[in-house]
Every structure is written in C-alpha cells, then in structure tokens.
Amino acid sequence: MANVVIVGTQWGDEGKGKIVDLITPRFRVVVRYQGGHNAGHTVIIQDKKYVLHLIPSGILHPDKVCVIGNGVVVDPQALTEELQTLEEFDVEGRFFISSRAHLIMPYHRAVEMAEEHSLAEEKIGTTSRGIGPCYEDKMGRRGIRVGDLLYPEIFRTKLEANVTAKNRLLERLYGMEPLDSEQIYASYMKLAPMMAPFIIDTAEYLNQEVRNGGKILFEGAQGTLLDVDHGTYPFVTSSNATAGGACIGTGVGPSDINGIIGIAKAYTTRVGSGPFPAELTDSLGRHLQEKGAEFGASTGRPRRCGWFDAVVVRYACMINNIDTLVATKLDVLDELEEIKICTGYEYKGERLKSFPEQMSVLEDVRPVFDTCPGWKTDTSQIQEYDELPQEARDYLNRISELIETDISIISIGPDRKETIILEESPRLQPLLN
C-alpha cells in the first residue's frame, strides 16, 4: 500500500488541488504538511468551484479523512470560515488539526505588512497574511500552537509576552498603533470552541494509519522553487514545500513514504517578485494569463507567465526524487502556432551545467529555447492519450526527455473528467494501486 507525496515542481499554482482531488479516492487519508492560507487550491466538480486554502482538497470526498499537519501555520478565523463553506460535506469525524501546528496571530499580519511596506522596491511579494512572521516565531521558540487554545491561561501568558514584544517593534520601528492583547485573547477564545473538536495529536493518528495499512496522500502547498532552502531565495515562502517537508510537517518517517508525484504546468507561472528566466512580457504572456485564468486563488493577484522551463523542472525532479510527473493546463497552449521550451541557461557566454543557487546569476542568465510546432486543435474534450494531436504528444515527449522523468497524467481542463491518466505507466501504477 503506497503512501505518496504530491509536490509542485515550479513556483506553485501548478494545479495540485485538482490532482489531489482526482486521486484521493485511491487513498484513505489526505494530509497537508506545510504552508498557510496563502495557498489556494481550486477544485471544480460538476461546474461548481471550491477554493480551499488550508483544508486538503480531499475533503470534497465524503468518505476520506483530511488532516492539517504540524508543519502548517493556521489562522483560526480563516479556518473556521473555510469550514463553514464545507458544511454540505459534513467534515465532523474526518477532519483533524495537529495540536503542534502554529497559530497565525494579528501581530504576525501587522509586522509582515509593515516590513513589506518598508522594503519598497525590494519587497518579496508576500501575501501579508502573517505566514512568514509566524514561522519566524516558531523557529524563535516563541510561537503559540493550536493546542494552546485548549489551555486558556497558558494561551494568555504566551500572548501577553508576545504582544508586548511586537508592540515595541510596531511602535518604535514602524510608527504603528499598538495591538490590544485582551482584544486578541477574547477573539481567539471565541474561536477556540469551534476548533477544539478537531484538535488531536496528528502524528500519532497518522502513524497508526500507516500501521493499519491505510494509504496516505501528502499534499504540499506552493512549489519547489518557493521552498525556503531549495527555492529562489529570498523570493520564497517560509517553509519546506519540497517532498522532504512531508516528514517534518507530519511526523511520518521517510521509510513510510513510497513515492513522489510531481506537478508541472505545460508552461510556467510565478506570483510576486523574483527572477523568472523564461518569462513572457509581451502579448503571448498576456494570452497565457487570460486563457489560463492565471490569477491567484487566494489573493487574485495576476501570475507572471512564460514558456515551460525544463531547467527548473529538472532541478525540482532531482530535489524531490520525483517518480512521475503530471502535466497540467496543456489545453492553454491549444491556439499557439509554435511553442518554446527553455532547455538551458547561458551566463556570461557559457552554458550553465546546473540550476544556479545565486539569484544575481539567475537574474542575468539568457534562456536557451527549443521551438516546437503547435497543434492548433482543441484538446479539452480528449479522453485518451493516443487521441492527442501528434504535435502535443511530441511536445510532452520532449519535456519528458529534458526533465528525465516520465509524464503519466495530463490535465486538459479544470474539471475532474478533463484528465488523461496513463494507467499502464510503470512509474504510476505502484503509487495508485
């Protein structure tokens, strides 16, 4: 019985939510292992759209259990609002939150907005939802955890100490009004009873599932190039979005994870600041943005668009030890006469042998492109791989060759049914069966 990690191989927004929803029936439990409500996973079921920010998209299957792991940072207000949108799915008894997950507090949002504003042109491009400062407090050993909500006096003591320290920062450095710890305490204590039924030791629960033979699907937010260690630092998120984060963010050991499925768009997007070698800033970029509806599910921010970058995805396949890849949004390329693939980078006249870790280098590289003929055919209704236009298959085969990983699932639209699954793939079969 396989336990599998789903991971993005670009800068996030690859379509992980749809794929998690699609393959959830083959698993018993879906667990989110990092990130916060800055991520948005969109799932469309019979023309109805569901946007999930914290809860794994597997929750839309009424017989599956969903877990928020200890590696996630949780805004209680955002979580309770999201639970309210899922009332029709009756989540009681099949949704749990780790008592060890950290709480996003109002002072986290205040500090993040102040810091981003002060950076001006050097800003990172965060969502200002408090995710980064919450992780900072976690690493600084001054965080407040979800389980603390069950112990009001412990919660109050930690809160008062943190608010005192944050107010000094907000007032003296940024000239902002101080926050009221009593007001924050009252608002969080009001939310605590709504969250209490879901709070458990999820590491214990998940390991018991493994011992009982229950298959677990691990869902990350963001993508490999936003990983705090392996991404385009400092233009990254504040947690480990790569497959390795699944163990740290859930308490399930690495020997109990059996495979990694990577997700990549058939082109490339990224939100916020940072280098983007294959970016298109012309009408083609706007076409991809409009045809692909490239606007953030959480923030509505427009995504920057560009050609498929094989250097990025090959690097992600290496970092995550990816077994097989899902290619999403192939249909967005249907109308193009020709399509390019970034096959390498040149820097100061020399071809780079690997993905650069220094952002000053990545900002100055010259992308090297292959040009492929387009297929000028609507692919959105195709159900079998062999029915895809030959040019589309050639394009996918070229990508597979460049990233040194096979492609076993192709998404040609947002709905569950708009997907081609190569069930016979030897890399996919043992992960889904």
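Which residues have the most contacts inside the largest nonpolar core? I began with this point, noting that the model is a predicted one.

**Entry 1: nonpolar cores**

I found that the largest nonpolar core has 55 residues. Those with the most contacts inside it are F218, F308, L330, L333, Y395 and I410. Helix α12 (residues 390–403) gives this core its largest share, six residues. I recorded another core, of 54 residues, lying apart from it, with V4, V74, I144 and F198 among them. As general background, nonpolar side chains tend to be buried together in soluble globular proteins.

I then listed the contacts of L330, leaving aside its neighbours within four places in sequence. L330 is in contact with A266, W375, L388, A392, Y395, L396, I410, S411 and I412.

**Entry 2: helix packing**

I looked up the pair formed by helix α2 (residues 76–85) and helix α6 (residues 181–195). Their axes are 10 Å apart, and the packing angle is about 45°. This angle makes α2 oblique to α6. The crossing of α2 and α6 is left-handed. On the α2 side the contact is made by P76, Q77, L79 and T80, and on the α6 side by Y188, L191, M194 and M195.

I next took α5 against α6, which pack at an angle of about 145° with their axes 10 Å apart. The crossing of α5 and α6 is right-handed. From α5 the contact uses P152, E153, F155, R156, L159, E160 and V163. From α6 it uses S181, E182, I184, Y185, Y188 and M189.

I located N162 in helix α5 (residues 152–172). Is N162 buried or exposed? N162 is buried, because its relative accessible area is 8%, below the 20% cut-off. Beyond its neighbours within four places in sequence, N162 is in contact with Y107, R142 and I144.

I placed G344 in strand β16 (residues 338–347). G344 counts as buried, since its relative accessibility is 4%. With neighbours within four places in sequence left aside, G344 is in contact with V311, R351, R366, P367 and V368. I also checked G344 against D201: the two are 143 residues apart along the chain, and their C-alpha atoms are separated by 45 Å.

**Entry 3: cysteines**

How many disulfides does the structure hold? I found zero disulfides. For C247, the closest cysteine sulfur is that of C317, 19 Å away and therefore too far for a bond. C247 counts as buried at 19% relative accessibility. C305 is likewise in no disulfide, as the nearest cysteine sulfur, that of C342, is 16 Å away. C305 is buried, with a relative accessible area of 2%.

**Entry 4: backbone geometry**

I noted as background that most residues other than glycine have a negative phi, and most peptide bonds are trans. I then looked for departures from this.

The peptide bond from Y233 to P234 is cis, with omega near 10°. P234 lies in the loop between β10 (216–219) and α8 (245–248).

D90 is not a glycine, yet it has a positive phi of about 50°. I found D90 in the loop between α2 and β7 (95–98), and D90 is exposed, with a relative accessible area of 52%.

K348, not a glycine either, has a positive phi of about 55°. I placed K348 in the loop between β16 and β17 (350–351). K348 is exposed, because its relative accessible area is 72%, over the 50% cut-off.

Key: Residues are numbered from 1 along each chain as its sequence is written. This is a predicted model: local features need pLDDT of at least 70, side-chain atom pairs count only at pLDDT 80 or more; totals for chains, interfaces and linings use all residues. Side-chain values use heavy atoms; hydrogens and water are left out. Helices (H or I, at least four residues) and strands (E, at least two) are DSSP runs, numbered from the N terminus. Buried means under 20% relative accessible area, exposed over 50%, partly exposed in between (1.4 Å probe, protein chains only). Contact means heavy atoms within 4.5 Å. A disulfide is a pair of cysteine sulfur atoms within 2.5 Å. A nonpolar core is a set of buried Ala, Val, Leu, Ile, Met, Phe, Trp, Tyr and Cys residues joined through side-chain atoms within 4.5 Å. Axes are lines fitted to C-alpha atoms, for helices over the stretch in contact, and angles run from 0 to 180 degrees between N-to-C directions. Angles under 35 degrees count as roughly parallel, over 145 as roughly antiparallel, 65 to 115 as roughly perpendicular and the rest as oblique. A crossing is left-handed if the near helix is turned anticlockwise from the far one by less than a right angle, and right-handed if clockwise.
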